[in-house]
Amino acid sequence: MENDCDLLIYSALGVVIPKVGVLQLDILIEDGRIKDLRKDSTDVIASNRIDASGRYVIPGVIDPHSHYGVFTPIEKAARTESKSAAIGGITSVIRMLRLDGSYRRLSDQFRMSAMNHYIDYSIHASILTDKQVEDIPFLINDMHINSFKVYMNLGYGYNRILMDLDPGNSELNECEVNMNEDLIDNILKSCSHENSTVIIHAEDPTICAENTSRQKLLDKSNPRESNLQKWSDCRPPISESVSISRIANLGRKYNSRLYFAHIGSTVALDAIISEKERGNLVTYVETCPHYLTHTTDFSSVKGKVVPPLRSKSDLQSMWYGLRNGIIDTVGTDHVANTLSLKQGKGDLWTALSGFPGMGTMLPVLLSEGVNKDRITLERLVEVTSYSTARIFDMYPSKGTIMNGSDADLTIIDLEMQKTVTPDLLLSSSDYTIYDGWKLTGWPVTTIVRGMIVMNDGSVDENTLGHGKLIPRICFGESGSKNQ
């Protein structure tokens, strides 16, 4: 019936529709999709209703960059981390998968992911060997995965990385990876044939390895000091710009679509802008919440990450890029580790890189961005949902609010204030770099394909397994954007 629906959201302060604006509309949802948007819903018969008075409705947040399944097997990690994501207003997540061996056994990961997610999910496949290059057509055509990661930072003896665990296995799996020029060339060549997006970790391993070796020799007198400026000096921004230049030249050769992940330095951002100005290159830029809030002044090894935290000036550059359309997306680079593992032996060199971030991404952007007039709500939905959906071939099912789209919605309260604690975030990680921060602006309801997964800070356990795999097939439209 025209005036019937499963769920009605009404009386919101505004519905934020990407590229349209903030409108006073009510939302009718049926069978997991948006049935209609109306100015008046008084005659609508709904099975369930949400009074959104005093709040805004935005497209469900998409995290394009997350690591889980590395420290606990996917059947456990999917439960804890998708729950944390739901707490943070995230409705879809793309997992950055690293497999030791052939991706032909990816079905094992998929089988154990099914029924263990609260929110929808997809996969980026990290291509780490020549044999895995051969798997790219299979991943695209059979598994509907159309984005692949290149770790330019691995090589020159600085090449150890933790792989995702096999289902049922809890023993950490560290492997050696050497991303030589021929391998990178072959990845871009193979991906270009399918109009796939290549995600770039841009750091030069030679520069990083030589600086780190030099610093370790100087550091023997005080090996337990945790100075994040030291870490930044070991992996300086020039290592990013050198890699950006190298991969951009290859990208032009193969007409590649390059997505630069976790950009946090002015030097790296300027290098990408310079390559864009040269032309003949499709590029996208992602930053992370921690590059918008933390600098090398952060006095804890909890803040060790790659690329490192940078200066206050770099932080301001990231906000400028976000506000003015230079940066396309925000991803968390979430790493689901525990503090005991993170800290290593208590010093800078043995501490692990990465930290959790899914539960705090949206609150940070609302509190430090929207509520401090650094970005508008309209810009927020572009960088947290719309652009991500378009770049990674999920639009228009995801990333917008319009008739026929998936009813992935996040209801936010810009005045709600909470103090961040690890317990609040429900991740398997027992720490957060935002511990003790008072953030103003929080998601109050997370809706995934019409299902209320989170409400008032509580996740409905009955929605475990509601999250589904998102097939991503490039139809060409979103790949045509040349920035």
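## Cis peptide bonds

Pro-307 is placed in the loop that runs between helix H10 (290-293) and helix H11 (312-323). The model is a predicted one, and in it the peptide bond from Val-306 to Pro-307 is cis, with omega near -15°.

Another cis bond leads from Tyr-395 to Pro-396, with omega near 5°. Pro-396 belongs to the loop between helix H14 (377-391) and strand E19 (409-419). As background to these bonds and to the phi values below, most peptide bonds are trans, and most residues other than glycine have a negative phi.

## Positive phi values

The loop between H14 and E19 also contains Asp-393. Although Asp-393 is not a glycine, its phi is positive, near 60°. Asp-393 has a relative accessibility of 10% and therefore counts as buried, the limit for that class being under 20%.

Lys-19 is likewise a residue other than glycine with a positive phi, here about 65°. Lys-19 sits in the loop between strand E2 (14-17) and strand E3 (21-23). Its relative accessibility is 60%, so Lys-19 counts as exposed, a class that requires over 50%.

## Cysteines

How many disulfides does the structure hold? The number is zero. For Cys-208, the nearest cysteine sulfur is that of Cys-234, 8.6 Å away; a disulfide would require the two sulfur atoms to be within 2.5 Å. Cys-208 is buried, at 0% relative accessibility.

Cys-288 is also in no disulfide, and its nearest cysteine sulfur, that of Cys-208, is 16 Å away. With a relative accessible area of 0%, Cys-288 counts as buried.

His-334 is located in strand E18, which covers residues 334-335. Is His-334 buried or exposed? Its relative accessible area is 0%, so His-334 is buried.

Leaving aside residues up to four places away in sequence, the contacts of His-334 include His-65, Ser-66, His-67 and Glu-81. His-334 also touches Phe-355, Pro-356, Gly-357 and Met-358, as well as Ser-427.

## Overall fold and dimensions

The chain comprises 15 helices and 22 strands. Its radius of gyration is 21 Å, close to the 23 Å that the globule rule gives for 483 residues, so the chain is as compact as a globular protein of that length. Along the principal axes, the C-alpha atoms occupy a box of roughly 75 × 45 × 45 Å.

Of the 483 residues in the chain, 62% are buried. Among contacts between residues at least 6 apart in sequence, 77% join residues at least 24 apart.

## Surface and charge

Technical notes. Residues numbered from 1 in each chain as written. Predicted model: local features only at pLDDT ≥ 70, side-chain atom pairs only at ≥ 80, totals over all residues. Heavy atoms only, no water. Helix = DSSP H or I, 4+ residues; strand = E, 2+ residues; numbered from the N terminus. Rg over C-alpha atoms; globule rule 2.2 N^0.38 Å. Buried < 20%, exposed > 50% of the residue type's maximum accessible area, 1.4 Å probe, protein only. Contact = heavy atoms within 4.5 Å.
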